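Here are my notes on the model you sent.

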Amino acid sequence: MTWSFDDEKDDEHDCVVAVKSVRGRVKNMDSEKKQEFTRRISQANTTELVVVIYDITLTYVEDAKQAMEAGDKQELRSLLVKIRRCLNELIASLHYDYSPAGEMLMLYNYCSRRLTAVQTAQDADALPEIASILKRLRDAYDQVASTNASGPVMSNSESVYAGLTYGRGSLNEDVIGGSNRGFLA
């Protein structure tokens, strides 16, 4: 599984789980946020990956609100595509063997229809509504993720340890003991 954020490639999927990449030109998502998502993805189990997709989607929704307020139609259009791709990935992650999958599919489809309202009718109320729905689902998945004892999906990734530095009280991350990067052959 490879997840990365590459500012130079805009044409690939933004929220793809399995052996695909997350790429996209995001003006409002700074490199620190991208690194945080990348670190979380490398350490996440299957349920935590869904939480990360929700967080990425919610970041795009907030950026879309800002683009709408600023009147930046091109950026708004780009962000709506990214939100829709994330919703499609959330739909793909559903397990239809379990009862809430059908209800969640209806919620995701509703959010997708509301995105269309933003795009076609410039409906300013739709983005906060989408964010509200996704935040509640994200919080529910976060509770489930805390009970998931499975290990990280990316078992061959480096461990990340974070701690406060003595200098300015900022949080620095160090990678320890990671001479084996990439695929295990």
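1. A nonpolar core here is a set of buried Ala, Val, Leu, Ile, Met, Phe, Trp, Tyr and Cys residues joined through side-chain atoms within 4.5 Å. Buried means under 20% relative accessible area, exposed over 50%, and partly exposed in between, with a 1.4 Å probe and protein chains only.

2. On provenance: this is a predicted model, in which local features need pLDDT of at least 70 and side-chain atom pairs count only at pLDDT 80 or more, while totals for chains, interfaces and linings use all residues. Residues are numbered from 1 along each chain as its sequence is written, and side-chain values use heavy atoms, with hydrogens and water left out.

3. The largest nonpolar core has 40 residues. Those with the most contacts inside this core are Y54, I83, L87, Y108, L127 and L134. Two or more residues each come from α1, α2, α3 (73-92), α4 (100-121) and α5, and α2 gives the most, with 13 residues. Helices (H or I, at least four residues) are DSSP runs, numbered from the N terminus.

4. L127 is worth a look in the viewer. Leaving aside residues up to four places away in sequence, L127 touches V61, A64, K65, M68, L80, L115 and V118. Contact means heavy atoms within 4.5 Å.

5. How many salt bridges does a search of the whole structure find? The search finds 8. The criterion is a side-chain nitrogen of Lys or Arg within 4 Å of a carboxyl oxygen of Asp or Glu.

6. K65, listed above as a contact of L127, also forms a salt bridge with E62, at 2.9 Å from N to O. Both residues lie in helix α2, 3 residues apart, about one turn of the helix. E62 counts as partly exposed because its relative accessibility is 32%.

7. R39 and E36 form a salt bridge whose closest N and O atoms are 2.7 Å apart. The two residues lie in helix α1 (residues 31-43), 3 residues apart, about one turn of the helix. R39 has 24% relative accessibility, so R39 counts as partly exposed. E36 is at 30% and therefore also counts as partly exposed.

8. D55 and R138 meet through their side chains in a salt bridge of 2.6 Å, N to O. This pair links distant parts of the chain, with D55 in helix α2 (residues 46-70) and R138 in helix α5 (residues 126-145), 83 residues apart. Are D55 and R138 buried or exposed? Both are buried.

9. Salt bridges that share partners join R40, D55, R138, D139 and D142 into one network.
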